[in-house]
Amino acid sequence: MPQLKQIKKKKQTSKGKHPNSPKGKGKKNNNKQQKKNNKGNKIKSPKKEPPKPIEQQLTLEEQGKYVALDCEFVGVGPGGYESALARVSLVDYNNAILLDTYVKVDEAVTDYRTFVSGITEEHIQSDTAMDADKCSALVAKMLKGKILVGHGLKNDLDVLGFTHPWSHTRDTAKYEPFLKKPKKNALCTLPQPRKLKDLALTKLGREIQKIGESHCSIEDAIAALDLYKKAGKKWEDVMEYKINRTREIGNEHVVHLVEE
């Protein structure tokens, strides 16, 4: 009799459990499944994006100080190697066109460079084309006191026939972060300017000067201006340092002359 009672108790303790399941196996399986589910549902932390450049916050008055310039040339002289002004485009900070005109060429054109410049004989001989001297004088007047933005501005200004203060010039072909680093074992160890086309594609994600299409001076001026805007805050910090340093050197030089 005592043995029977013992058997009954054992049966009662196993009540509700699968006869072939070891004690606690169901809980362990549930825990494993829960961990598996949690692992599958784990929220991935977002990838860290590189910090975006701080954009310049300019007032309307400050925006009015900026003008972007681009010119198109034709070839004159033997072989057409010398450049003559054939089109001038100026845009303001908000990409509005301030001036866009073809220019009459006084010399005989030996290469219209149409595949690049888009200039034809009809353009520079039309009644709407401006006289070269008048155009140059007008552009100089429009740029007076302005911050000039462009790419390879020395070429444009040389053909226009005047200069612009370095402190008021923002050339995307000379801005150090936009320069191309020299390759290893290269003969020239100095950074080199990059083409506007390459900068527009890599920095702005914009395709300009497409193969088989002539350049557009308005499009190029806007591209240079947008490149400047992208780096504006850092660029102006650099310019402010250079301008202040130049003034300090000038003052030191004046003091030195007075002391002598």
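1. Ground rules. Because the model is predicted, local features need pLDDT of at least 70 and side-chain atom pairs count only at pLDDT 80 or more, while totals for chains, interfaces and linings use all residues. Residues are numbered from 1 along each chain as its sequence is written, and side-chain values use heavy atoms, with hydrogens and water left out.

2. Cysteines. With a disulfide taken as a pair of cysteine sulfur atoms within 2.5 Å, the count is 0. For Cys135, the closest cysteine sulfur belongs to Cys71 and sits 7.7 Å away, too far for a bond. Burial here means under 20% relative accessible area, exposed means over 50%, and partly exposed is in between (1.4 Å probe, protein chains only). Cys135 is buried at 0%, whereas Cys216 is partly exposed at 26%.

3. Helix α6, geometry. Helices (H or I, at least four residues) and strands (E, at least two) are DSSP runs numbered from the N terminus.

4. Helix α6, faces. Ala132, Cys135, Ser136, Val139 and Leu143 are buried. Elements covering the buried residues include β1, β2, β3, β5 and α7, with contact meaning heavy atoms within 4.5 Å.

5. Helix α6, what follows. Gly145 comes after the helix and has a positive phi, near 75°.

6. A salt bridge is a side-chain nitrogen of Lys or Arg within 4 Å of a carboxyl oxygen of Asp or Glu, and the structure holds 7. Asp100 pairs with Arg87, closest N and O atoms 3.0 Å apart. This links strand β3 to strand β2, 13 residues apart. Asp100 is partly exposed at 35%, but Arg87 is buried at 11%.

7. Asp226 pairs with Arg206 at 2.8 Å. Asp226 lies in α9 (217–259) and Arg206 in the loop between α8 and α9, so the pair ties together parts 20 residues apart in sequence. Also in α9, Asp237 and Lys233 are 4 residues apart, about one helical turn. Salt bridges with shared partners join Arg206, Asp226 and Lys229 into one network.
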